[in-house]
Amino acid sequence: MAPAVLLQDPSVTSDASLSFASKSESPDLGLIPPPMAQQPSSYRQTVIRAGDEVEFFSGELDRHLTDLRGTTEEKRAQVFQLVDSYHAYSRKRADRLRERQPPRLALRENEMDVDDNETGDLAVNFDEEYRKAEEEAQTWDLLRRMLPLEYGQDGTSQLKRHTKPSLQSRNQWWNEFMLSDSLAREQKVVLEWLQSSASQGPPVDDVVSHLQESAERGDILAHGWLHTRTKIKLQKSVNGYQGSLDPRAFGFAESHLSSNTLVTQLDPDAITRQARKLETQDDFFERAIWLGCFEMLRRGYSMVEIREWCSVRTELWRAASLAPLPLANPEDEDQPDFDPRSLVLWRRMCFSTARDGGTSEYDRAVYGLLAGDIASVEKVCETWDDLLFAHYNALLRTRFDSYLVKHGGDEAARVAQQFPAFNAVLHHGDPHSVGKRLVTLLETDLRTSNEATRPFKALQGAIVAHELGRYLTNQGLVLAKHANQRSKSNLIPPVDLQVPDDLTHPKYFNLSDHNSLRVLSHVLIIFTTLNRLSETHIISNVHQEAMDNIIAAYISFLRLANLEEMIPLYCAKLHGQRVYEALSRNLIHILDDGARRVQISIMNRLGISVSEFVKRQPEVFLGDVHDLLQPCEAKGKFKVLEDGPATLKYGRIVKPDFFGDDEAEEFDQEEGHIICSLEWLMLTDDWFVETCTYVIRAYKYFLKRTRLRAARALSQRVPGKEIIRRKTGIQVGGDGDDGSFEWFAEFAASELPEELLALYAGDKEAVTTQVRNIWELECLVKALDSMETLSSLAGLAREDSTNSRELWQHTNKEVRAAKACMQPVLKGWLLETVGPDPDFQALREAYVPETVLALVSSLHFAGATLSRDYLLECMELAAVVAEKASAVTEEFVKSGRMKELVEAFASCSKALAIFASEQKAISRETKKIREHGWLRELWSVKPQ
């Protein structure tokens with residue numbers, strides 16, 4: 001078994017939010033309980049084991065279906081080989097579980113310890129595990145038998161057609177019949193499957209053991225009716241009789257035999273001929289033998305095996321009367337010079353015995369099987385398989401009988417008219433839909449309704465009824481219904497298809513049954529592959545969409561089980577754009593670039609378009625949040641300044657940690673998905689236009705919602721200069737953050753590659769404008785980040801005036817970064833666009849006034865603590881803002897905050913004047929002052 005992994009409880013379905021800070025936690029996409037989706041803080045972990053079968057099935061799927069080559073027939077053969085491998089594995093797995101069956105399960109009820117509860121629970125759990133493993137093996141066995149019939153390889157080529165001589169063996173008649181009747185071939189296959197399934201049950205001796213024990217004969221299996229023989233011998237000894245007793249003889253009524261109405265002779269027909277009974281113990285013995293015979297026919301035993309079993313009990317005459325058809329044993333004993341009349345007559349004699357003769361329900365059921373009767377057999381049937389076997393046995397024997405009557409000459413026809421027989425074909429009506437009607441009947445029959453509605457049995461019924469496509473469609477609808485029970489699931493979305501009324505029925509698997517999802521997924525993959533290879537089997541898009549929910553659910557399980565390397569294999573089996581959507585949603589949690597590249601290599605091997613995947617991924621997650629419809633919530637609400645007047649030393653106080661608490665979660669799951677999708681997009685060299693477009697959309701979405709932490713993460717993890725480097729090959733900017741401002745100028749001055757210009761119809765200005773927008777958005781975020789850091793440093797300075805040199809060095813670094821990044825904000829920020837964009841104008845109104853005021857406050861603090869030059873720069877900023885047709889001034893006027901701006905500049909000028917007077921003696925002219933032509937003396941206030 002594979003090691004246990006920690007994951008979310010997948011027992012019900014819905015989407016939920018998870019912290020995206022941890023690499024080990026996979027966000028759920030439709031496989032966690034609805035309450036968890038509503039209360040993400042109550043996230044739970046549980047242990048689930050992905051067994052070896054998960055790896056085996058994926059390995060075989062990859063080996064057989066990843067690269068189908070050859071003719072259509074050769075491709076089908078590969079699919080059938082895959083089914084065979086699944087059957088062989090599941091059969092061995094079920095056999096191993098049966099061999100490990102706890103001794104507790106073999107005990108009879110009266111032998112169990114009353115206080116053995118713990119052992120009992122273990123036994124029940126093991127029994128359930130074994131039952132599911134056995135049902136899986138039976139399902140693959142049925143598929144490997146039925147699929148070749150439905151898709152053109154039914155095995156008739158192995159049967160040789162003979163030119164009919166005057167005399168033929170029984171097997172020759174049988175083979176000719178099989179070649180001539182396709183429905184008979186299908187019924188034979190179903191019967192063989194039912195016989196094979198029954199053979200996996202307890203040994204026949206164990207089945208009859210309860211009757212054998214009631215026969216009170218210990219380990220003696222032979223010598224017939226022991227107790228009745230003893231009674232007869234006693235009677236003859238007491239009365240001195242010689243020869244056979246005659247119940248009509250004078251004085252016999254006075255004997256003690258008459259009180260029990262026992263038979264007086266021991267031949268097989270004595271019971272019915274004399275209308276008398278056996279001793280009770282022998283009656284149990286008789287029933288045990290007939291039950292054994294029924295079980296052997298039910299399991300498809302060969303004549304050799306039947307004869308051996310009967311021989312041990314000295315009842316060979318019973319073996320001679322069974323004459324089974326060559327169903328599961330085509331190489332069984334043949335009958336040369338076969339006369340069809342004999343089998344036609346024998347079937348009718350068996351029918352008469354089944355209906356009007358016999359001594360118990362078991363011998364009547366045996367003759368009912370031989371006669372192709374239903375009523376007599378149904379009386380001993382206990383399971384879904386038993387009843388289906390009774391009907392299919394009757395149908396096949398009826399069809400063979402009709403064939404013999406038709407081709408066996410006048411004598412065979414005369415026999416058929418002379419004696420009655422049950423016609424199962426006529427009883428069931430339309431032979432082409434009999435399977436469907438039988439399966440429906442078994443679902444409503446009180447004896448089998450519970451079993452028939454177990455998921456695996458319902459799946460088997462769908463295969464028998466040729467309703468596999470419908471069943472898989474409904475199964476997909478059930479999964480969608482569960483997944484969207486509380487909230488919409490992105491992984492398993494609702495399907496635009498009429499939902500049948502019975503979809504709440506327990507005959508469908510649920511999302512918590514991962515092992516069954518594995519089986520269903522591979523059945524679906526095989527089903528759709530064979531349909532794709534067939535020109536006559538076509539699945540509509542909407543039905544395929546519903547079916548794909550099965551694979552999507554299994555893919556989610558693989559993700560939760562940390563089996564990410566298997567995910568692309570199963571995503572490749574989806575259809576249309578869902579391939580890329582499933583990949584996006586189930587690989588988004590991978591944060592390591594090395595692991596991402598491993599996934600890309602797997603996709604390349606599987607033939608999945610990596611280029612299409614990375615392009616589709618951002619669209620998926622931006623679409624989830626409806627970013628294009630998101631209003632600008634930041635407008636009128638984005639505030640980073642404390643209320644109150646400016647102070648002389650610090651100006652207006654900038655709020656500390658306005659990006660968010662460092663102790664809190666980094667950002668929402670949806671935001672993390674968007675950023676990760678853009679990181680995936682950066683792993684390829686193409687899609688430059690799309691990359692720029694998605695990055696701008698991401699910035700706009702984050703800023704419209706004032707999600708500054710997410711915007712900062714985007715600027716750090718998908719920086720604009722890396723987009724240029726990776727997607728265009730133009731090397732811009734430095735290796736560190738120092739190049740964050742200059743890189744755009746380098747790009748604008750560069751000669752652009754022809755292939756890049758071709759993406760914009762040769763319009764270099766359009767290229768430059770789109771890159772400019774990324775640069776401008778990135779600069780705003782970096783400027784705000786630096787100002788947040790400055791606000792924290794200012795807080796430290798206010799608390800302790802004796803701060804270290806490192807603090808002031810850090811302050812100087814951050815104020816320089818803020819100034820540099822604010823340059824595009826002060827000069828036409830987001831005014832140049834490729835096309836009209838109302839979101840840009842909304843962001844200008846939301847961010848420009850508050851950010852400029854925060855910059856003034858930051859310069860005020862730096863000027864008061866580091867150098868008066870920063871106060872002079874603040875005055876220079878006032879001149880910039882006051883320029884004619886200033887876009888910054890326009891935003892302040894529009895927002896009604898010009899008074900705040902004027903007051904901020906006035907506070908800076910006042911501080912400059914006072915500090916200039918106090919520090920005149922120690923002031924010195926700097927290079928910057930000389931370059932700008934500033935004069936500090938202008939701000940020196942002389943005392944009067």
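The text below covers the pocket, then the charged pairs, then the surface and the backbone. The model is predicted, and local features are reported where pLDDT is at least 70.

**Largest pocket**

The volume of the largest pocket is about 1,100 Å³. Its lining consists of 36 residues. Ala 198, Gly 201, Pro 202, Arg 299 and Thr 383 are the ones that lie nearest the centre of this pocket. Elements that give two or more residues to the lining include helix H3 (72-99), helix H4 (117-150), helix H6 (182-198) and helix H7 (204-207). Helix H12 (280-299), helix H16 (361-371) and helix H18 (384-407) are also among them. H4 provides the largest share, 7 residues. By residue class, the lining of the largest pocket holds 17 charged, 12 nonpolar and 7 polar residues.

**Salt bridges**

Side chains of opposite charge can pair when their charged atoms come close. Over the whole structure, 63 salt bridges are found.

| Pair | Closest N to O distance |
|---|---|
| Arg 318 and Glu 286 | 2.8 Å |
| Arg 341 and Glu 411 | 3.7 Å |

Arg 318 forms a salt bridge with Glu 286. Arg 318 belongs to helix H14 and Glu 286 to helix H12, so this pair ties together parts that are 32 residues apart in sequence. Are the two partners buried or exposed? Arg 318 has a relative accessible area of 1% and is therefore buried. Glu 286, at 5% relative accessibility, also counts as buried.

The salt bridge between Arg 341 and Glu 411 links distant parts of the chain, with Arg 341 in helix H15 and Glu 411 in helix H19 (residues 410-418), 70 residues apart. Arg 341 is partly exposed, at a relative accessible area of 33%. Glu 411 is partly exposed as well, at 37% relative accessibility.

Arg 447 counts as partly exposed, at 42% relative accessibility.

Salt bridges also join residues into a network, whose members are Asp 141, Arg 144, Arg 145, Lys 188 and Glu 192.

**Surface patch**

Which residues form a nonpolar patch on the surface? Leu 345, Trp 346 and Met 349 do, and together they have about 220 Å² of accessible area. Leu 345 is placed in helix H15 (residues 340-356). The relative accessible area of Leu 345 is 34%, so this residue is partly exposed. A patch residue needs over 30% relative accessible area, and Leu 345 has 34%.

**Backbone with positive phi**

Asp 337 is not a glycine, yet its phi is positive, at about 50°. Asp 337 sits in the loop between helix H14 (316-322) and H15. With a relative accessible area of 55%, Asp 337 is exposed.

His 626 also has a positive phi without being glycine, with a value near 55°. The loop between helix H30 (610-624) and helix H31 (669-681) holds His 626. His 626 is exposed, because exposed means over 50% relative accessible area and its own value is 51%.

Definitions and conventions. Residues numbered from 1 in each chain as written. Predicted model: local features only at pLDDT ≥ 70, side-chain atom pairs only at ≥ 80, totals over all residues. Heavy atoms only, no water. 1 Å grid on protein atoms, 1.4 Å probe; cavity = no way out; pocket = protein on both sides within 12 Å on 5 of 7 lines; lining within 4 Å. Points joined across faces, edges and corners; volume = space filled by probe spheres on them. Helix = DSSP H or I, 4+ residues; strand = E, 2+ residues; numbered from the N terminus. Nonpolar A, V, L, I, M, F, W, Y, C, P; charged D, E, K, R; others polar. Patch = residues over 30% accessible without salt bridge, like charges linked within 9 Å, V, L, I, M, F, W, Y side chains within 5 Å. Areas by Shrake-Rupley, 256 points an atom, 1.4 Å probe, with all protein chains shown as cover. Salt bridge = Lys/Arg side-chain N within 4 Å of Asp/Glu carboxyl O. Buried < 20%, exposed > 50% of the residue type's maximum accessible area, 1.4 Å probe, protein only.
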